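Here is a quick tour for anyone meeting this structure for the first time. Have a look at it before reading on.

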Amino acid sequence: MSEAKEGQQHPIRIYLWIWLLLFVLSTFSYLVDYYHLQGLLRWSLIILFMLLKAGFIVAIFMHMAWERLALKFAILLPPLCLLVLIGFMAIEGDYTFLTRGAAFLR
Amino acid sequence: MAHDAQAAAMSPLAQVAGDFSTDKQAFSVPWGKAMMWIFLLSDTFIFTCFLTSYMNVRLSTLSDWPNPSQVFSLHIGGQDIPLILIAIMTFVLITSSGTMAMAVNYGYRRNKRNTVLLMGATALLGATFVSMQAFEWTKLIMEGVRPWENPWGAPQFGSAFFMITGFHGLHVSAGVIYLLVVANRVRTGFYDKRGSYEMVEIAGLYWHFVDLVWVFIFAFFYLW
């Protein structure tokens, strides 16, 4: 941290560009629904636009891109554990679906 | 400054190891900012638990899941426009994030007037978002959506909807109050006396997080 400049200072222009970009990406995700895209194309586009938006918000608006690597690691790595939870719950949900199906068919 | 030059010469991983293992403060940011990040990390876990449980009930139900595109459509000018209210809410929240980012910037430049105005605009947009959400809830409740049933399909739809959007709306409402408190302190010169405008950036972190969570809710609940 330097003494002369306090905190995170960047040109306003960056924020306006990211703002515009988020608008465009949101419009794209809305159009995915509007044009009734289905199947793999739909899911992959939704996830792609979501991750891009999330990335720009965290990196630029929340200034994570300019933080030291120690803070990036401390904040961005722990949520990866959640992938394990999501994986387990997806397997469990499928299992419940199948057992329910089997029970109701009998 | 010597520290920075030394750090720049190190490899990134050696810098991390140094930050964590040396007998000094681990994160080179104000402690309030580090704590806000850690709070947001815990909030990430809470919202992921909600979204994961929503995924689980949606996977395991035998009934059809109501089509959000139709459920959240509005009848405007003689035709149904799918998800239009949700799209507008998304744009409102993104705009509020943009004004907040600029408020933080003007705060560090010691431009009190612009900081207060932009934070006020952010709070106003946040309040608009909550109002639109209240309208959406009212509409769905009138149509017979309850946490245990709804007219269109899987009964779990209502509980997932009210829990996820309700908890997010609560965050937005709390954020609006938080922003107004901080904006008022900027106005009265509280941070000039303290000599630091980092509290504006910390409030900004919270506000951007609320926008961030909405990105995931929009993708997984409304578009999926």
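## Chain A overall

Keep in mind that this is a predicted model.

How far does the C-alpha trace of chain A span along its principal axes? About 75 × 35 × 15 Å. Its radius of gyration is 20 Å, while a compact globule of 106 residues would come in near 13 Å. Of the 106 residues in chain A, 20% are buried.

## Helix α2 of chain A

Helix α2(A) takes in residues 39-61. With 23 residues at 1.5 Å each, the helix should span 33 Å, and its end C-alpha atoms sit 32 Å apart, which agrees.

The buried residues here are Ile46(A), Phe49(A), Lys53(A), Ile57(A), Val58(A), Ile60(A) and Phe61(A). Their cover includes α1 of chain A, plus α5 and α9 (198-223) of chain B.

## Where α1(A) meets α5(B)

Helix α1 (residues 12-34) of chain A packs against helix α5 (residues 84-108) of chain B at an angle of about 170 degrees, their axes 10 Å apart. Angles over 145 degrees count as roughly antiparallel, and that is why α1(A) is described as roughly antiparallel to α5(B).

On the α1(A) side, the contact includes Tyr15(A), Trp19(A) and Phe23(A); on the α5(B) side, Phe91(B), Ile94(B) and Met102(B) are among the residues involved. By class, this contact has 11 nonpolar, four polar and no charged residues.

Notes: Residues numbered from 1 in each chain as written. Chains lettered and ligands numbered in written order. Predicted model: local features only at pLDDT ≥ 70, side-chain atom pairs only at ≥ 80, totals over all residues. Axes fitted to C-alpha atoms, helices over the stretch in contact; angles between N-to-C directions. Helix = DSSP H or I, 4+ residues; strand = E, 2+ residues; numbered from the N terminus. Parallel < 35°, antiparallel > 145°, perpendicular 65-115°, else oblique. Contact = placed C-beta atoms within 7 Å. Nonpolar A, V, L, I, M, F, W, Y, C, P; charged D, E, K, R; others polar. Rg over C-alpha atoms; globule rule 2.2 N^0.38 Å. Buried ≥ 20, exposed ≤ 12 C-beta atoms within 10 Å, placed from the backbone. Expected span 1.5 Å × (residues − 1).
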